[in-house]
Amino acid sequence: MRTDAELQALRNRWIGRSNSWTAAFMEALKTATPQQRKSLGKGANDLKKDVEAAIAERASALAATRRPKNAVDLTLPGRGLQLGHRHPLSLVRDEVIDIFTRLGYQVLEGPEIEDDYHNFEALNMPADHPARDMHDTLYLRTPLQPRSYGAEVPAGTKAAPLTLLRTHTSAMQIRHMEHNAPPVRLVAIGPVYRKDDLDLTHTPMFHQVEGLVVGKGITLADLKGTVSAMARALFGSAEVRFRPSFFPYTEPSAEVDIRCFKCAGAGCSLCKKSGWIEILGSGMVHPAVFEAVGYDSDAVTGFAFGMGVERVAQLKWGVGDIRLFYENDLRFLEQFGI
Ligand code: DAH
């Protein structure tokens, strides 16, 4: 007898109000003569007391085996050691940094609060360019004090007031070139901001990788070779295509697409039925950009590209909804590497 339930069953069987042996005996006693009833009744009561005493003894023995309250149960499984996971966007960033540091590129970050000059004007974006539209750009109500990035900005440099959240990392092209002579080989990685509503592929803050190479005799072939090598390193054997495009700061310009991961090119809602997903914009640096930073556009040429980090992560892991990167749902984040 090891449980309270077993003890209760025993109690019911012997001395319960109905269906017990004592109850049956008492019932049978009704048919006895008054003399018989007296002696038999006493015997039955004595037996009942003995049984009650025996059961009480068992009950206290059972209670003694019970664990005291708040006791430590050494048989419980231990609490697992929870290891954190790298965020998928950090994984992509570090992979890109790895690819380009191996190629001898410099890695920069730069300010997220920018001025109109570095974000637009020096990148050959005229005042009426649609990218400067209030709908795309988040402006600061109060201009902040000029701030330099890193120690490379010489003392006494004049800088326009910082009045917007950078809409792209291309601003870092200007920031770097205006203080460093060619040759240039850099990637700049970090957050950028746009007045976008949240949906499957847009968030008001996302991340970009900017690449810039400037030197003697840099050609479109260097751009194609570099961007294709990066795409292969990031996506394995993924198919890549170059498409003529327009950016004010490059001429010629090209957009680079990769096969849609969701439909494998058949056409779906994610790739807007085209079978391709754009991953980056690129081109040969426009002479007007070189002029803005004091480079001799007859002496050097260069290429640049800008790529969305979230987009790369979406492609690599088949993430259909960009919002998952920011919701901090462990069921999502735990699927990525350490
Ligand atoms: N700045 C562009 C964007 O935000 C991307 C881009 C396009 C960057 C062409 C470049 C470039 O450096 O050459 O969409």
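## Helix α2 and its cover

In this predicted model, the buried residues of α2 are covered by elements that include α1 (4–15) and α3 (34–65). Helix α2 itself spans residues 21–29, and T22, A23 and L29 are buried in it. Viewed down the axis of α2, these buried residues fall within an arc of 115°, so they line one face of the helix. An α-helix has 3.6 residues a turn, so residues three or four places apart point the same way.

## Surroundings of the ligand

The shell around the ligand holds 15 residues, of which H168, R194, Q208, E210 and Y249 come nearest. By class, the shell divides into 4 nonpolar, 9 polar and 2 charged residues.

A polar side-chain atom of H168 is 2.9 Å from a ligand nitrogen atom. Ligand oxygen atoms take part in two further pairs: one lies 3.1 Å from an N or O atom in the side chain of Q173, and for the side chain of R194 the corresponding distance is 2.8 Å. On its own the ligand has 350 Å² of accessible area, and the protein covers 89% of it. Strands β6 (205–215), β9 (276–285) and β10 (301–308) are the elements that give two or more residues to the shell.

N119 belongs to helix α5 (residues 116–119). Its relative accessibility is 0%, so N119 counts as buried. Leaving aside residues up to four places away in sequence, N119 touches E114, M125, L164, R166, T167, H168 and A171. Among these contacts, H168 is also one of the residues that come nearest to the ligand.

R175 lies in helix α6 (residues 171–177) and is buried, with a relative accessible area of 3%. The side chain of R175 makes a polar contact of 2.6 Å with the side chain of E114. E114 is likewise among the residues that N119 touches.

## Helix α9

Helix α9 covers residues 309–317 and contains R311. V309, E310, V312, A313, Q314 and L315 are buried in α9, whereas R311 is partly exposed, with a relative accessible area of 32%. The cover over the buried residues of α9 includes α4 (88–102), β6, α7 (220–235), β8 (250–259), β9 and β10. Among these elements, β6, β9 and β10 also give two or more residues to the ligand shell.

R311 touches I277, E278 and I279, when residues up to four places away in sequence are not counted. R311 and F206 are 105 residues apart in sequence, yet their C-alpha atoms are 9.5 Å apart in space. Just after α9, G318 takes a positive phi of about 65°.

## Backbone geometry

Most residues other than glycine have a negative phi, and most peptide bonds are trans. Against this background, the peptide bond that joins P182 and P183 is cis, with omega about 0°. P183 is found in the loop between α6 and β5 (184–193). The bond from E251 to P252 is also cis, with omega near -5°, and P252 lies in strand β8.

Positive phi values occur at K273 and N328, neither of which is a glycine. For K273 the angle is about 65°; this residue lies in the loop between β8 and β9 and counts as exposed at 65% relative accessibility. For N328 phi is near 55°. N328 lies in the loop between α9 and α10 (330–333) and is exposed, with a relative accessible area of 54%.

Note on methods
Residues numbered from 1 in each chain as written. Predicted model: local features only at pLDDT ≥ 70, side-chain atom pairs only at ≥ 80, totals over all residues. Heavy atoms only, no water. Near = heavy atom within 4 Å. Polar contact = N/O pair within 3.5 Å; in protein donor to acceptor, adjacent residues only side chain to side chain. Areas by Shrake-Rupley, 256 points an atom, 1.4 Å probe, with all protein chains shown as cover. Helix = DSSP H or I, 4+ residues; strand = E, 2+ residues; numbered from the N terminus. Nonpolar A, V, L, I, M, F, W, Y, C, P; charged D, E, K, R; others polar. Buried < 20%, exposed > 50% of the residue type's maximum accessible area, 1.4 Å probe, protein only. Arc of directions from axis to C-beta. Contact = heavy atoms within 4.5 Å.
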